Amino acid sequence: MKSIQRSLSVGLIAVLLLVGLLLVQSSLWLFESGLRRNLATDLREETEGLLTAVVQGPEGFVLDSSRLNPRYQRAFSGHYFRIDLPARSWRSRSLWDAEPTWPAGNGMAEDLLDGPQDQRLLAYRATYRRDGQTITINVAQDYTPILKSFTQVRLSGLGLVGLALLVLLLLQRYAVKLAMRPLERARQQIAQLQQGQRQQLDVQAPVELQPLVEQINHLLAHTDDTLKRSRHALGNLGHALKTPLAVLGSLVRREELAAYPELQASLAEQLEQIQQRVTRELGRARLAGEVLPGSYFDCAAELAPLFETLRMIHRRDLHLHWHSHEGCRLPWDREDMLELLGNLLDNACKFARSEVRLTIAPITDGYLISVDDDGPGIPEARRDAVLERGTRLDEHAEGHGLGLGIVRDILVAWRGELLLEESELGGLCVRVRLAKQSQRP
């Protein structure tokens, strides 16, 4: 998955690296240009100083060594000259036996010259006229130390660019994190929507996110309204069918059909299947009727009246009890949880001898709900068959055999998991595993 942070970081690195290299290189180029102009001025002044050392003697022009700078006398000192006259020439002792390729034109040489001992020379040439003679003076200065200094400065500049790049990257990551906080809040609010803690996203969002938030809120309202209308229409249809089904049920039991027992039994069977299908679809419509959960299921507030109702329906001497962690609140719709737990506990009470126990425990990714009874239990080979709608192992117990089937429909909507195991109490243990992210979409 493409990362916004990574894309921004790569773009920032590329831009800053390019800008940094351009700044370092252009700064060095401008500095070196200014330095060469200053050195050209110094070299021109040196030619003028050397010109004063060329004096008129009895036999023509001679070089007065007393007027020369001592650095011209030291071998390979880095300062060199050559003076050319039509009849003769002089060169500094510092050149020793080397002879650079002096520039052909007056002024600063465009390129550095190769000097003795791998030196790189900055050269200047000037031509003068004295007493009707042309005097050409070439001077050169070792530029190698300056080149080394520039190399060190360039490396230092690259190091500073790298350090600045690192600092800017850290600042950029922090800035992106700050900029992404509204998106993180929106994500948390969407999670709260899923858990039933709110019905809409907070409209107090940054200007850039307001259109998205408003569109999501509009979509939530539209979806909720559409599902409510569908639920209402399906409910009306189901209620409208109840009366004709009841009439058909009474007609099937009439004495006129007693003479046709096979036909009467077939009609009764088909009618019962229709009633079961209508009941099932009405239950599924209620499960899908709300776009968001209505509220949390408060265990302490809801389980006490549920258990009291079960005692009234079943035997008063039946020992019913439940255990959960303190402050237990399940993030699922109250009505759905009452139907889920009601069906599980009702089935357990029908077959229990004396005790039914409900346990709600938090797990890593959600909750584990266990319903245990001390009844006869279910053989392991037949447990899968019990989950099928209408399948009953005890035909004498009251009910239509739909309890676990309805539970299964709820868990399908919630993407939960249902397991049948042997209970510690000796009967059946029904375990329901619900993940937090398995709430209804």
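Residues 12-31 are 100% helix and 0% strand, with their end C-alpha atoms 28 Å apart; helices are DSSP runs (H or I) of at least four residues, strands (E) of at least two. According to an unreviewed UniProt entry, this span is annotated as "transmembrane region", an annotation that may be inferred rather than shown by experiment. The model is predicted, so local features need pLDDT of at least 70 and side-chain atom pairs count only at pLDDT 80 or more, while totals for chains, interfaces and linings use all residues. Residues are numbered from 1 along each chain, and side-chain values use heavy atoms, without hydrogens and water.

The structure holds 14 salt bridges, each defined by a side-chain nitrogen of Lys or Arg within 4 Å of a carboxyl oxygen of Asp or Glu. One of them joins Glu32 and Arg36 (3.5 Å, N to O); these residues are four apart in helix α1 (residues 4-53), about one helical turn. Arg36 is partly exposed, with a relative accessible area of 23% (buried is under 20%, exposed over 50%, partly exposed in between; 1.4 Å probe, protein chains only).

Glu417 and Arg433 form a salt bridge at 3.7 Å, N to O. This pair connects strand β14 (residues 417-422) with strand β15 (residues 428-435) across 16 residues. Arg431 and Glu421 meet at 2.7 Å, N to O. Because Arg431 lies in strand β15 and Glu421 in strand β14, this pair ties together parts 10 residues apart in sequence. Arg431 is partly exposed at 26%, as is Glu421 at 28%. A network of salt bridges links Arg82, Asp84, Arg91 and Glu99.
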